[in-house]
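Me: Could you take a close look at one buried spot in this model for me, and then walk me outward to the rest of the chain? I would enjoy a connected account.

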Amino acid sequence: MRRFLIGLAGGAVLGYAWIRAQEALAERDEPAVPLEPNPRAYGALRRKLMLAGVARSFATLGVVAYAIGPRLEPEEGAVEPRARRMGLLTLGFLASALFDIPIDYVEGFALERRYGLSKQTEGAWLADYAKSTAIATAITVPLVELLAFAISRAPRTWPLIATAGAFPLLVLANVVAPMYIAPLFNKFTPLEGDLATEIRALAGRHGAGDATLLRVDMSRQTEKANAYVTGLFGSKRIVIGDTLLDHFEPRETLFVVAHELGHYVYGDVWRGVGLGTLAAAVTFFGSRAIAERPGRPLASTAGLTRLFFAMSMLGTLAGPILSAFSRGRERAADGFAIEATDDASAGAAAFTRLRERNHAEDEQPKWMELLFASHPSLRSRIERLEAVGASG
């Protein structure tokens, strides 16, 4: 039965990749006709692709863990050399990225282009894909090797050690990513002008006056609009996409920035770090119980593949809890923006424009919102803002 399931999973993964490869080749020869804006159709398609991606990820990890992994087991009593383990992990990450190119090309690049949500060229997309793969591999392989080292030295207590290490790593990521990784993909320039003055005054009233205010060329990858406040300690940045600055009214942009500033004021980055550390603890302890096998070390390439499969399952199960936390923080940030700007009608107008520009649905199916959605439905957010605006 196990061999049958592994074979079924492997066949499904290969079949899916083959179909996408044919579609990618066809798209390159003759790009598909553009599609009319249709938030409902776009949202439904995105949900199907997301569920397919989850299933494909489980199937791939299952095949690697229980079909390929056993062939990589060191002989009983032997210790796998570090160079071999890191080499196999690097090869695995790069092979996975190459395998996924046609899938990501069709489901990401081509689909966004058909719906008019991106004007990115194929060459620019491939360059970003290559950079993302290189960065992810360069960061992940050493971290996995550190995990393997902890497992080999402390086979019973390594989940506690890994959890303790997760906290500083999450903090470091919030400093390093915006300052050193994001600029590899986009151009960030200082924002000046009347709107910048208003934003600096708003940030100053709420303890973020020292944040760097930047404009980012989001239009390089997408036509969707967004802004964010990121960083910790002295690395705070208020970043606004050119798609937001160029297509929204100043008061609408100010409300969106106020919403993002609310996450900073309420300490949501630190909340996220704390919750991420707790999730790491549950994942590490739980995955050890699932992946351990008598006489088969976890601190090997084969053992790590079993561990990754278990961690993926537990991470998916934790998804609804993390999504509920995120939705709560988004509602709180909306409330902050209402108080900070005293302009709920601008928020309603901004979210309405975001809905149109991003081809976003007013409301997703309830199961989707409960299990996966990081934000409350746009309808509920707009109705709240309109009600506050009407009462004010």
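Reply: Happy to. Let's start with a side-chain contact: a polar atom in the side chain of threonine 243 lies 2.8 Å from the backbone oxygen of lysine 224. That counts as a polar contact, meaning a pair of N or O atoms within 3.5 Å where, within protein, one must be able to donate a hydrogen and the other to accept it, and where residues adjacent in sequence count only if both atoms are side-chain atoms. Please keep in mind that this is a predicted model, in which local features need pLDDT of at least 70 and side-chain atom pairs count only at pLDDT 80 or more, while totals for chains, interfaces and linings use all residues. Residues are numbered from 1 along each chain as its sequence is written, and side-chain values use heavy atoms, with hydrogens and water left out.

Threonine 243 belongs to helix H7, residues 242–247; helices here are DSSP runs of H or I with at least four residues, strands are runs of E with at least two, and both are numbered from the N terminus. With a relative accessible area of 2%, threonine 243 is buried (buried is under 20%, exposed over 50%, partly exposed in between, with a 1.4 Å probe and protein chains only). What surrounds threonine 243, once neighbours within four places in sequence are set aside? Its contacts (heavy atoms within 4.5 Å) are Met218, Ser219, Thr222, Glu223, Lys224, Ala225, Asn226, Phe248 and Arg357.

One of those partners, Arg357, leads us on. Helix H11 covers 344–357, and the loop between helix H10 (301–341) and H11 holds aspartate 342. This aspartate 342 has a positive phi of about 50° although it is not a glycine, and its relative accessibility of 71% makes it exposed. The loop between H11 and helix H12 (366–371) contains histidine 359. Histidine 359 also is not a glycine, yet its phi is positive, about 55°; at 8% relative accessibility, histidine 359 is buried.

Helix H10 also contains threonine 301, which is buried at a relative accessible area of 4%. Beyond its neighbours within four places in sequence, threonine 301 touches Leu72, Glu80, Arg85 and Leu88.

Helix H3, residues 82–114, is where aspartate 104 sits. Aspartate 104 is partly exposed, at 29% relative accessibility, and its side chain makes a polar contact of 3.4 Å with the side chain of tyrosine 129. Leaving out residues up to four places away in sequence, aspartate 104 is in contact with Phe109, Trp125 and Tyr129. From the C-alpha atom of aspartate 104 to that of glycine 116, 12 residues along the chain, the separation is 17 Å.

Now for the whole chain. It has 13 helices and four strands. Its radius of gyration is 23 Å, close to the 21 Å that the globule rule gives for 392 residues, so the chain is as compact as a globular protein of that length; the radius is taken over C-alpha atoms, and the rule is 2.2 Å times the number of residues to the power 0.38. The C-alpha trace spans about 70 × 50 × 40 Å along its principal axes. Of the 392 residues, 42% count as buried. Among contacts between residues at least 6 apart in sequence, 80% join residues at least 24 apart.
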